[in-house]
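Please keep the sequence and the 3D view open while reading.

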Amino acid sequence: MAANSFVQRSRQVWWNVIDSFRDPDSRRQLSKALFVAIAIILLIFLVIMLWWSATPTAFDPKTNAREMAAEKQQDLVVGYTSTATLITLANTLLDKPGGYLTNDVMPPSVWMDNMPNWEFGVLVQIRDYSRALRNDISRSQSQSAEDRDLIIAEPQFNFNSDSWLFPPTESEYRKGIKALESYLARLSDPQRDEAQFYARADNLAAWLGIAEKRLGSLSQRLSASVGQTRINTALAGDISAHQSTLTQNEKVTKTPWLEIDDVFYESRGSIWAMIHLLKAAEHDFADVLQKKNALISLRQIIRELEATQATVWSPIILNGSGFGLFANHSLVMASYVSRANAAMMDLRRLLEQG
């Protein structure tokens with residue numbers, strides 16, 4: 001009886017709705033109400049998208065390390081600042097307003113592309129540093145054993161960045177963060193010596209070599225916003241060199257119009273994370289840098305990269321020609337990145353000298 005009553009009431013409601021649409025006045029009122037509801041929903045989505053698109057606030061790696069050490073009652077040993085910075089970068093990626101958006105499949109985040117590209121840029125730096133930490137910085141020699149926690153952390157951050165379910169990306173990255181926290185706890189424990197952070201010139205140079213290549217790639221991709229005719233220099237400098245497949249001597253490279261802002265925000269995110277890791281290296285590798293008289297060089301690199309994080313006042317990423325009427329945000333960023341890349345090459349060579 002109850003089921004039949006519910007069916008009857010449902011039918012009555014349905015016929016009432018149909019009758020209301022037959023009346024012109026009722027149809028206009030319903031249309032206005034529907035339009036207002038849709039407008040309100042879109043406005044709410046727009047506000048949320050603007051809020052979630054805001055870049056997280058930068059933090060001071062040394063202050064962050066002190067606060068983390070005080071909270072967990074750990075000692076501030078060599079390498080603590082860099083490891084704590086890496087952990088904070090990963091947590092920021094997952095816990096910022098809106099959370100991790102790259103793998104979202106629901107509105108409004110599914111309509112956003114700038115923040116997901118920014119997230120990928122940050123993720124690339126997390127992956128690079130965790131790899132350098134596992135392969136070089138935590139090991140005394142090439143034949144020494146890898147740290148057991150870093151064996152877990154490094155591949156976790158290389159998990160698919162846009163997996164929505166089974167398993168979600170966030171859960172895999174949380175496992176990586178947990179492994180880094182375990183490494184940090186052992187690193188700061190004076191009673192345990194199996195976890196190490198070797199602040200040597202060769203270890204810093206190894207990571208800078210990776211960062212240098214990242215900056216070089218970002219510079220080329222940013223410069224391609226206006227299109228370039230590039231000469232193939234792949235085999236330059238070695239007359240006996242060969243490559244697997246022949247390529248043209250000259251090639252026109254141009255970023256598709258719809259991908260220009262993607263490259264821009266990926267670069268912003270990657271450089272944002274790199275700045276924090278360089279500042280942490282300035283603290284943990286201070287003795288090495290001072291001995292090499294390279295501290296000023298590192299600070300200049302950081303200053304060049306910080307200029308890329310200035311506020312973009314334009315509502316869109318402009319792509320004017322190099323000397324045209326309108327600005328080209330990609331070329332402006334590329335100029336800072338190129339200078340930092342050149343300075344980083346010089347710094348790495350200085351560190352590699354005996």
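## Cavity

A cavity is a set of grid points where a 1.4 Å probe fits but cannot get out. The model shown is predicted, and one cavity of 30 Å³ or more is found in it. Rolling a probe the size of a water molecule over the atoms shows where empty space is left.

The volume of the largest cavity is about 30 Å³. Its lining is made up of Ala90, Leu93, Leu94, Leu123, Ile126, Phe157, Tyr173 and Ile177. Two or more of the lining residues come from each of helix H4 (80-95), helix H5 (114-137) and helix H7 (169-187). H4 gives the most, with three residues. Sorted by class, the lining has eight nonpolar residues, no polar ones and no charged ones.

## Thr88 in helix H4

Helix H4 also holds Thr88. Is Thr88 buried or exposed? Thr88 counts as buried because its relative accessibility is 13%, and the cut-off for buried is under 20%. Leaving out residues up to four places away in sequence, Thr88 touches Phe59, Asn64 and Met68.

## Largest pocket

The largest pocket has a volume of about 960 Å³. It is lined by 28 residues, of which Asn114, Tyr265, Pro315, Ile316 and Ile317 are the closest to its centre. Helix H2 (24-52), H5 and H9 each supply at least two residues of this lining. The largest share is that of H9, with five residues.

How does the lining of the largest pocket divide by class, and what are the counts of nonpolar, polar and charged residues? There are 18 nonpolar, seven polar and three charged residues.

## Second largest pocket

The second largest pocket holds about 200 Å³ of space. Its lining consists of Arg230, Ile231, Asn232, Thr233, Ala234, Thr247, Gln248, Asn249, Glu250, Lys251 and Thr253.

## Nonpolar core

The largest nonpolar core contains 74 residues. Within this core, the residues with the most contacts are Trp207, Leu278, Leu289, Leu305 and Leu351. H9 provides the largest share of the core, 11 residues.

Which residues does Leu305 contact, apart from its neighbours within four places in sequence? They are Leu215, Ile271, Met274, Ile275, Leu278 and Ala340. Leu278 is itself among the core residues with the most contacts.

## Helix H11

Leu305 is one of the buried residues of helix H11; the others are Leu295, Leu298, Ile301, Ile302 and Glu304. H11 spans residues 295-306, 12 residues in total. From its first C-alpha to its last it reaches 17 Å, close to the 16 Å expected at 1.5 Å a residue.

Which helices do the buried residues of H11 pack against? They pack against helix H8 (201-223), helix H9 (260-284), helix H10 (286-291) and helix H12 (329-352).

Methods
Residues numbered from 1 in each chain as written. Predicted model: local features only at pLDDT ≥ 70, side-chain atom pairs only at ≥ 80, totals over all residues. Heavy atoms only, no water. Helix = DSSP H or I, 4+ residues; strand = E, 2+ residues; numbered from the N terminus. Expected span 1.5 Å × (residues − 1). Buried < 20%, exposed > 50% of the residue type's maximum accessible area, 1.4 Å probe, protein only. Contact = heavy atoms within 4.5 Å. Core = buried A, V, L, I, M, F, W, Y, C linked by side-chain atoms within 4.5 Å. 1 Å grid on protein atoms, 1.4 Å probe; cavity = no way out; pocket = protein on both sides within 12 Å on 5 of 7 lines; lining within 4 Å. Points joined across faces, edges and corners; volume = space filled by probe spheres on them. Nonpolar A, V, L, I, M, F, W, Y, C, P; charged D, E, K, R; others polar.
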